[in-house]
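Please look over the model shown below before reading the briefing that follows.

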Amino acid sequence: MNWTFFGIFVTFLGIFPFVWPDPYILSVIGSAGIMIIAAISLNLLLGYTGQLSLGHAAFFGIGAYASALMSLGFDVDIGFGITWQVDPKPVWVAFATAIVVTGFFGWLVGKLAFKVRGAYFVVITISFAQVMRMISLNWTDLTEGPMGMISIPPFSLWIPGEGVVDLTSKAAIYWLVLAVGVLAYLLVAMLVNSRQGRAMIALRENETLATSVGIPVTYYLALAAVISAAIAGAAGGLYAHTVRIIDPDVFLFIYTVTMVIMVVAGGKGTLGGPVVGGLIFGLMPELLRGVVQPEVQWVIYGITMILILLFLPRGLVPAIYDFITWIRTPIAIPVRESRRALAAEAKS
Amino acid sequence: MNEILQHIVNAMVLGSTYALLGIGLTIIFGIMRVVNFAHGELYTLGAYVAYGMVALLKLDFFSSILFAALIGMLVGALIEYVFLRRKDLKNIDEVMLIMIGIMIVMQNLELMVWGGVAKIIPTPFSQDPISFGDVLISPTRLFVFSIAAILLFIFYLGIERTRFGLAMRATFQDQDAARIVGVNVKAIYTLTFALGSAMAAVAGALLAPVFVATPLMGDLASLKAFAIVILGGLGSLGGAAIGGFLLAFIEEFGASYISSAYRDAFGFLVIIIVMLFRPQGLFAAKERVG
Amino acid sequence: MAISKRFLTSLLFGTLAATPVWAADPIKIGVSQPLTGTVAASGNYVTNGARIAAAEINENGGLLGRQVELIIEDNKSNPREAVNAAEKLILSDKVPVIMGAWSSTYTLATMPKLEEYGVPMVVETSSSNKITKAGNPWIFRIAPTSAMEAQAFAKKLDSFDPPIKKVDFLSVNNDWGLGASQEFEKMFKERGIEIGRKETVAPSTVDLSAQLSALKDTGSDTLIMTSGVEQLTLGIRQAAEQQLPQRIVTTGGSFPEPLLESPGPKGYTSSHLLFFSPWTPESAVHPEIAGAFVDAWNEAGYSFPGLSEGFRGYDGIMTIAAAIEGAGSTESEAIRAALWNVQVQGVNGDISFFKDGPEGKESGQNEPNVYVVQLKDGEVSAQ
């Protein structure tokens with residue numbers, strides 16, 4: 001990956017709030033950023049390991065609920081007269097726990113992938129998200145059901161000179177999301193460029209062949225699933241402590257679909273894909289707001305996705321690379337000359 | 001005992017429409033290997049067509065169901081022709097994502113046209129329930145069951161007794177072999193998608209007067225259709241029909257005796273459990289799943 | 001890629017900077033209502049009522065010499081979206097005051113944002129006690145609390161023949177439904193009426209047969225149902241199908257409109273607690289205002305039964321307008337202070353706020369009127 005470009009981009013994003021401090025713009029980009037982190041995580045599973053997991057909202061939601069519950073504390077009766085009681089924990093602790101918990105669920109889903117593949121795996125992952133939604137909707141003792149969990153505490157940071165500051169301003173949230181996003185991006189980048197990453201890609205390309213050369217399929221599937229889920233859980237946790245209210249609708253299929261559109265349109269299996277896709281589909285609602293109704297917006301997204309899948313199936317980022325390469329390619333040698341050159345080569 | 005009978009009756013009514021929904025998806029998945037996320041949207045389309053015909057054009061209920069089937073067939077054929085023809089269907093991922101795109105477009109078009117408020121479809125039947133002893137059934141539900149049962153039977157005859165049915169079954173078993181013996185696989189694909197979509201649309205038109213029509217009803221319908229298909233086995237038509245009834249029974253008895261709140265969740269739990277323990281479904285012959 | 005990002009940024013900047021500034025720019029009032037989702041019917045009714053109010057104000061010269069503009073955001077029957085909607089209204093549209101958010105759950109979710117940004121909100125429908133007891137000085141509620149509703153209903157108990165001796169509850173399982181069943185239960189117990197069984201249902205459920213069959217053999221004579229229009233309709237229909245012996249009384253002010261066109265079985269009767277009965281406008285406290293509102297509504301072509309909730313939007317906007325006039329400014333703090341002094345003659349009755357909630361951080365609460373109507377064979381009459 002191109003480090004200079006990355007560095008410039010991150011710096012630009014970092015100083016953006018000073019250039020343009022409008023809290024609304026910052027909150028829009030912040031929300032888009034959280035979805036981008038989720039898209040980056042989905043890309044690892046979908047793009048690099050080739051597993052079409054369409055229940056990714058489940059990991060996002062589990063991360064959100066786990067973090068919220070840990071930070072608010074809870075007290076539930078799990079039958080047989082046993083109560084499970086947890087005191088409220090500091091937000092960073094809750095956040096870390098949520099990531100671990102979600103990673104565990106990711107491992108479970110990864111295990112399931114060994115048993116079923118392709119379309120069957122897809123359906124299971126979707127069902128998983130729906131079951132999670134039903135549980136969060138109905139286990140009201142734990143999750144408050146449709147009323148949602150409100151007043152979730154925000155992140156706080158100790159800043160020299162200021163003491164402990166609650167990260168509630170839009171700019172603070174923006175930087176927090178940016179920080180986690182950069183970390184997630186770097187993590188995935190390092191992973192795919194390592195031995196483990198190459199093994200995952202081998203899995204995606206041709207599983208039977210990969211197994212035959214000795215790559216432990218199950219291990220790498222599990223690894224990809226765990227890391228993917230953990231990052232998605234982090235996105236969920238971020239969401240919980242910045243929006244500070246969550247309800248069972250975070251598990252809705254439509255959020256998975258949004259992540260999928262971002263990854264697919266941007267370019268699955270590329271590092272920049274989910275970022276590009278995320279920025280476009282994360283910011284489009286705001287650009288189109290007031291211009292067209294939300295339903296029309298979604299029709300546009302749907303049509304965009306279909307068009308990209310039909311004509312640019314690898315996504316926008318690869319298409320742009322191809323385009324740039326095409327521009328830079330020197331004009332081809334005329335056929336006669338190339339034949340002569342080949343013939344001359346053959347003789348010698 | 002009467003309570004149980006009542007539940008059985010309810011489950012049979014629901015199951016008959018579920019069976020239609022499930023068979024529609026089975027033939028699409030079985031023959032074309034397309035994971036059709038838009039199936040639920042055809043269901044919704046059927047419901048809204050019925051609503052439009054009855055409430056706005058003042059047509060009678062019965063012909064509105066026919067219309068729903070026709071429009072479902074047309075839209076299904078259109079989708080197959082425009083979007084799926086050009087794609088090598090082996091690319092399961094991309095096809096799936098295209099179907100998701102179509103689902104999004106259809107759902108939001110419906111939202112735009114009909115608005116977000118739920119619509120009640122007036123039926124010509126009285127609301128007084130008919131009673132068989134202590135067991136009650138409303139005339140509407142009885143009608144729904146009859147029509148669904150008739151359609152299932154017609155479908156069965158069509159698949160088993162006609163040349164088209166033979167061609168479809170052949171393609172279902174082995175595409176390439178079917179092609180070799182002269183089956184026009186491309187035409188079969190279009191027919192399959194059209195037929196499957198028509199069945200979903202009819203299921204929607206039938207169930208809508210029992211409940212309500214909302215633009216988002218397709219989401220749940222799609223997922224239940226998948227549950228039915230998986231229950232019955234992705235390779236088996238008879239299995240899908242039985243799967244439809246089975247799911248209805250699980251929902252009805254589960255909701256009444258285990259937890260009414262989790263009614264809609266049973267379908268998903270079923271999927272997960274079946275996938276874990278018997279991934280080829282309850283009725284299919286062994287098929288490589290993993 | 002750098003190009004596309006810069007392009008995007010300048011496009012954003014351009015769009016926002018190009019927001020036209022009219023010569024006498026309109027006064028913006030924010031509205032957060034569920035226009036889609038499980039309670040969309042009610043949200044649309046309320047919004048239509050608000051529109052009529054805004055149109056009436058503008059026809060009569062506007063407010064402080066400026067036109068009134070409603071900025072309407074759909075909160076999608078969801079508390080998280082309600083928060084988003086509030087933030088959009090406050091941060092992007094910069095409205096000084098909001099009306100919303102219909103369901104108690106959405107209102108409760110929005111409340112922290114009101115305090116964070118210092119914007120008052122007139123609550124037109126939500127009935128949970130929690131809203132005015134939370135110590136949020138930016139909340140002004142014109143709708144009754146569930147407790148008020150229960151007490152008002154107590155006065156109408158005599159109109160039921162045979163008298164109510166034992167009740168069951170079927171409530172939507174959110175703050176509103178649960179709060180309502182709690183308050184009504186308290187009221188019934190105070191009067192020696194026995195409580196039977198309590199069932200709950202999720203807001204998006206369409207098949208209530210499980211809950212209804214559980215309620216069938218309880219021996220109660222009355223079933224109190226609390227939910228939105230859609231679920232009340234489904235519930236009543238399915239209860240009739242199952243031949244539930246209880247008479248059904250709905251609370252919360254929603255009316256199952258679809259049952260007018262597709263009535264239940266012959267002779268089937270249900271009763272409904274409303275805060276405005278368009279079928280008996282003469283019984284309103286200010287019949288001229290109620291009558292004028294009904295006329296405007298019919299002229300606009302909205303559905304008649306929607307009046308039973310649409311008036312809330314009307315009364316809400318009229319209250320806000322009175323506050324803006326009283327404050328003589330469009331500053332949020334001034335509007336808030338002025339709300340304490342409003343005295344509005346609304347469709348429901350007289351509107352003014354008394355202090356409710358913890359000392360020093362009270363919210364405003366109004367005391368509205370309650371009406372009970374009966375629905376039979378598609379016809380509505382006073383109970």
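Two strands are said to pair if DSSP finds at least two bridges between them, and helices (H or I, at least four residues) and strands (E, at least two) are DSSP runs numbered from the N terminus. This is a predicted model, in which local features need pLDDT of at least 70 and side-chain atom pairs count only at pLDDT 80 or more, while totals for chains, interfaces and linings use all residues. Residues are numbered from 1 along each chain as its sequence is written, and chains are lettered from A, with ligands numbered from 1, in the order in which they are written.

- Strand E1 (residues 74–77) and strand E2 (residues 83–86) of chain A run antiparallel and are joined by four bridges, with Asp75(A) standing opposite Gln85(A) in E2(A).
- E1(A) and E2(A) form a hairpin with five residues between them, and Gly79(A) in the turn has a positive phi of about 80°.
- Helix H2 (residues 23–48) of chain A has 26 residues, which at 1.5 Å a residue should span 38 Å, and the 36 Å between its end C-alpha atoms agrees with that; the expected span is 1.5 Å times one less than the number of residues.
- H2(A) bends by about 35° at Leu42(A), where the bend is the angle between axes fitted to the seven residues ending at a residue and the seven starting there.
- H2(A) is mostly covered, since 24 of its 26 residues are buried; a residue is buried if 20 or more other C-beta atoms lie within 10 Å of its own, exposed if 12 or fewer, and partly exposed in between, with C-beta atoms placed from the backbone.
- Gly50(A), which follows H2(A), has a positive phi near 75°.

**Backbone details in chain C**

- Most residues other than glycine have a negative phi, and most peptide bonds are trans.
- Ser77(C) has a positive phi near 55° although it is a residue other than glycine, and it lies in the loop between E2 and helix H3 (79–92) of chain C; Ser77(C) counts as buried because it has 27 C-beta neighbours inside 10 Å.
- Lys94(C), also not a glycine, has a positive phi of about 55° and lies in the loop between H3 and E3 of chain C; Lys94(C) is exposed because 12 other C-beta atoms lie within 10 Å.
- Gly100(C) and Ala101(C) are joined by a cis peptide bond with omega about -5°, and Ala101(C) is found in the loop between strand E3 (98–100) and H4 of chain C.
- A cis peptide bond with omega about 5° joins Asp161(C) and Pro162(C), and Pro162(C) lies in the loop between helix H6 (146–154) and strand E6 (166–172) of chain C.

**Surroundings of Asp74(C)**

- Asp74(C) lies in strand E2 (residues 68–74) of chain C and is buried, because 24 other C-beta atoms lie within 10 Å.
- Not counting residues up to four places away in sequence, Asp74(C) touches Leu35(C), Thr36(C) and Ala85(C), two residues being in contact if their C-beta atoms, placed from the backbone, lie within 7 Å.

**Domains of chain C**

- The domain assignment of chain C gives domain 1 (25–144 + 287–365) and domain 2 (148–274), with bounds that come from an automatic or database domain assignment; the centres of the two domains, taken over C-alpha atoms, are 28 Å apart.
- The contact between them takes 19 residues from domain 1 of chain C and 19 residues from domain 2 of chain C.

**Contacts between chains**

- The contact between chain B and chain A takes 35 residues from chain B and 33 residues from chain A, and H4(B) gives the most to the side of chain B that touches chain A, with 15 residues.
- By class, that side of chain B has 27 nonpolar, three polar and five charged residues; Ala, Val, Leu, Ile, Met, Phe, Trp, Tyr, Cys and Pro count as nonpolar, Asp, Glu, Lys and Arg as charged, and the others, Gly among them, as polar.
- In the contact between chain C and chain B, 26 residues of chain C meet 20 residues of chain B, and H9(C) gives the most to the side of chain C that touches chain B, with five residues.
- The residues of the side of chain C that touches chain B divide into ten nonpolar, eleven polar and five charged.
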